[in-house]
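This report describes one protein structure for a reader who is new to the subject. Please consult the sequence and the structure below while reading.

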Amino acid sequence: MDYCSQTTLVPCGQDKYISKNELLVHLKTYNLYYEGQNLQLRHREEEDEFIVEGLLNIFWGLRRPIRLQMQDDNERIRPPPSSSSWHSGCNLGAHGSIMKPVAIPDIQITDMDAAPGSDRRLSPTGTRDLKLLQEDTPQLMRTHSDVGVRRRGNVRTPSDQRRIKRHRFSINGHFYNHKTSVFTPAYGSVTNVRINSTMTTPQVLKLLLNKFKIENSAEEFALYIVHTSGEKQKLKATDYPLIARILQGPCEQVSKVFLMEKDQVEEVTYDVAQYIKFEMPVLKSFIQKLKEEEDREVKRLMHKYTVLRLMIEQRLEEIAESPATI
């Protein structure tokens, strides 16, 4: 990749920009960290717009269960291909559409009343009458019965199972099951989505929910950058998660992107986060010292303004005792 110096500004949020040169430095560090892995990011320019794209790791941080869809959107129910006899009766296209047969195979018609091995030939007149009879009779293509299709539909071929797995991703091995369609992903387990730097937080949320066919609305969730120190920063609707991840650095032992419920998590600032991991006795000693400092500051201010008040009163008395000048 070419990391030459650039001067173009790249948006990283509402009214927030970063120079392309600085972003490329962060991107180079990011890719060096993930060298040889599929988490490396690529960049390109499209219509004078700088775009970074690749996989973003997102960790599950949900406290409440989620609901999986009963079936995929616009999914057509179709029997799996099992044998050549099925395809001869009904040809399926790549997307399950029924294709017209290229040619109808010739079928020899024999007289059921004729004895086996008999050699009965039709006269030219009889042949012509038979052709007219065939043209007047409606022709139906014969296919296998629905009963046979349903009977074979209980067993999926390996290719059909691979197609289903490709279409519906699992959440840490959990595929849809009507008994476990409502469940909570393991806290701290990781997944990923392929996004680019122009996608905002709501767009990334919708993409993630659609990947796993989750019924819950994207408005129920939010993306948070969680630091090991305890700091939690909520990504705004105008932020770009991929840019935020690049600027935070690649190491997930320092910070991670979590999917959490909006109403279950509060943001924790850096100033508050640095006190979170202390034990209660230590925190109480901090509070005691802060209270002592506060008392000393209050006494100092009271003494200062008491002296100032006395000086003002003394000056007013001197003005009152002095003779008035005309």
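Is asparagine 216 buried or exposed? The model examined here is a predicted one. In this model asparagine 216 has a relative accessibility of 5%. Asparagine 216 therefore counts as buried, since the cut-off for that class is under 20%.

## Overall architecture

The protein contains nine helices and 12 strands. Of its 326 residues, 28% are buried. The protein exposes about 24,000 Å², and carbon and sulfur atoms supply 53% of that area.

Contacts between residues at least 6 apart in sequence were also examined. Among these contacts, 68% join residues at least 24 apart.

## The surroundings of asparagine 216

Asparagine 216 is located in the loop between α6 (201-211) and β10. The side chain of asparagine 216 takes part in a polar contact of 3.4 Å with the side chain of glutamate 220. The asparagine 216 side chain also reaches the backbone nitrogen of arginine 67, at 2.9 Å.

When neighbours within four places in sequence are left aside, asparagine 216 is in contact with Pro65, Ile66, Arg67, Leu209 and Phe221.

## Glutamate 231, a residue in another loop

Glutamate 231 occupies the loop between β10 (221-227) and β11 (232-234). The relative accessibility of glutamate 231 is 18%. Glutamate 231 is therefore classed as buried, because the class covers values under 20%.

Which residues does glutamate 231 contact, leaving aside its neighbours within four places in sequence? They are Ile225, Val226, Val268, Thr269, Tyr270 and Ala273.

## Aromatic rings

The count of aromatic pairs comes to five. One of them is formed by tyrosine 33 and tyrosine 34, whose ring centres are 5.0 Å apart. The angle between the two planes is 85°, and the pair is edge-to-face. Tyr30, Tyr33 and Tyr34 form one aromatic cluster.

The two partners of this pair can also be described by their accessibility. Tyrosine 34 is buried, with a relative accessible area of 6%, whereas tyrosine 33 is partly exposed at 43% relative accessibility.

## A charge over a ring

Phenylalanine 59 has lysine 256 over the face of its ring. The distance from lysine 256 to the ring centre is 4.6 Å.

Terms used
Residues numbered from 1 in each chain as written. Predicted model: local features only at pLDDT ≥ 70, side-chain atom pairs only at ≥ 80, totals over all residues. Heavy atoms only, no water. Helix = DSSP H or I, 4+ residues; strand = E, 2+ residues; numbered from the N terminus. Buried < 20%, exposed > 50% of the residue type's maximum accessible area, 1.4 Å probe, protein only. Contact = heavy atoms within 4.5 Å. Areas by Shrake-Rupley, 256 points an atom, 1.4 Å probe, with all protein chains shown as cover. Phe/Tyr/Trp six-rings, centres within 6.5 Å; stacked < 30°, edge-to-face > 60°. Lys NZ or Arg CZ within 6 Å of the ring centre and 35° of its normal. Polar contact = N/O pair within 3.5 Å; in protein donor to acceptor, adjacent residues only side chain to side chain.
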